[in-house]
Amino acid sequence: MSEALKQVVIVGGGFAGLSAAKSLAREKRVSITLIDRRNHHLFQPLLYQVAMAGLSPADIAAPLRSILCKQKNVRVVWGEVESLDLDSRQVKATFGSVPYDYLLLACGAQHSYFGHDEWEPFAPGLKTIEQATEIRRRVLVAFEKAELTTDLDERRKLLTFVVVGGGPTGVELAGAIGEMSRFTLERDFRNIDPSLAHVILIEAGPRLLHMFPEKLASRAKRDLEALGVQTWTSSRVTRIDENGVDVSGDRIRAATVLWAAGVQASEIGDQTGFERDRQGRILVQADLSVASRPEVFA
């Protein structure tokens, strides 16, 4: 009698989930179900290029089914996980329940507004294609409106772009806006000079890219300044609304504010009862398993 296949459920089709599924390609003793709320894998590092109209969404997204179509032990399911029953080893999703012998939670991260979720409508983040295209729309519309208005104060507001967060995403966004305004759009308008756009990158910490060596962070700062980007470090945002940003007692009037300041783990961790850190990440052992549930990995 042949041994029953082990059921492996992977939640999330990002880099971690996809890598895990591929690593089991030659394993004949397992049957894998990969669940994702979207039907494509997204190359997130290049999202800022979509946001700045340098790439189309199709350039950085590929269907999960196409990526895994030759891997016979994988089933891709489009849906959203609603709850986890750890005792009976069931993943309950929008399409029904899936039993598992092993569970891998690879759900990625989402934005954190540090308790100010009311800021999100005025300062979108950059984690999805929808957010990238919305940012692109806001940036390009700001230039179009600036071309039409005769109110100099309104034009100054429309040509002011604020990026909150001096990590990799914030640095990329600010640099891309600076490059777009000074080179890409240089000759496209008649009533405004796009190169006069005011791009401000705000970081609460003492320097940009705190996770990188200081030498690299200093080089990034110089490169941004060469593109006309102002960098405000040791500056904390206290308010964001439709008219701009309050920063350390100063008011910046801006029509476009973009959020790249904070991340937190997916909300699915709230359902597990597992020990987590301040950012909501599940604490795991060296092999990524959860101490209290060795059949669960995160």
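Tutor: With a pocket: Val8, Leu24, Val30, Tyr102 and Phe297 lie nearest the centre of the second largest pocket, which 15 residues line. This is a predicted model, in which local features need pLDDT of at least 70 and side-chain atom pairs pLDDT 80 or more, while totals for chains, interfaces and linings use all residues. Residues are numbered from 1 along each chain as its sequence is written, and side-chain values use heavy atoms, without hydrogens or water.

Student: What makes residues part of the lining of a pocket?

Tutor: On a 1 Å grid over the protein atoms alone, a pocket is an open set of points with protein on both sides within 12 Å along at least five of seven lines, and lining residues have an atom within 4 Å of a point. Strand 1 (6-11) gives the most to this lining, with 4 residues.

Student: Why is Thr160 called buried?

Tutor: Buried means under 20% relative accessible area, exposed over 50%, and partly exposed in between (1.4 Å probe, protein chains only). Thr160 has 3%, so Thr160 is buried.

Student: What makes the aromatic pair of Phe15 and Phe43 edge-to-face?

Tutor: Rings of Phe, Tyr and Trp (its six-membered ring) pair if their centres lie within 6.5 Å; planes under 30 degrees apart count as stacked, over 60 as edge-to-face and the rest as tilted. Phe15 and Phe43 are 5.7 Å apart centre to centre, with 85° between the planes, so the pair is edge-to-face.

Technical notes. On a 1 Å grid over the protein atoms alone, a cavity is a set of points where a 1.4 Å probe fits but cannot get out, and a pocket is an open set with protein on both sides within 12 Å along at least five of seven lines; lining residues have an atom within 4 Å of a point. Helices (H or I, at least four residues) and strands (E, at least two) are DSSP runs, numbered from the N terminus.
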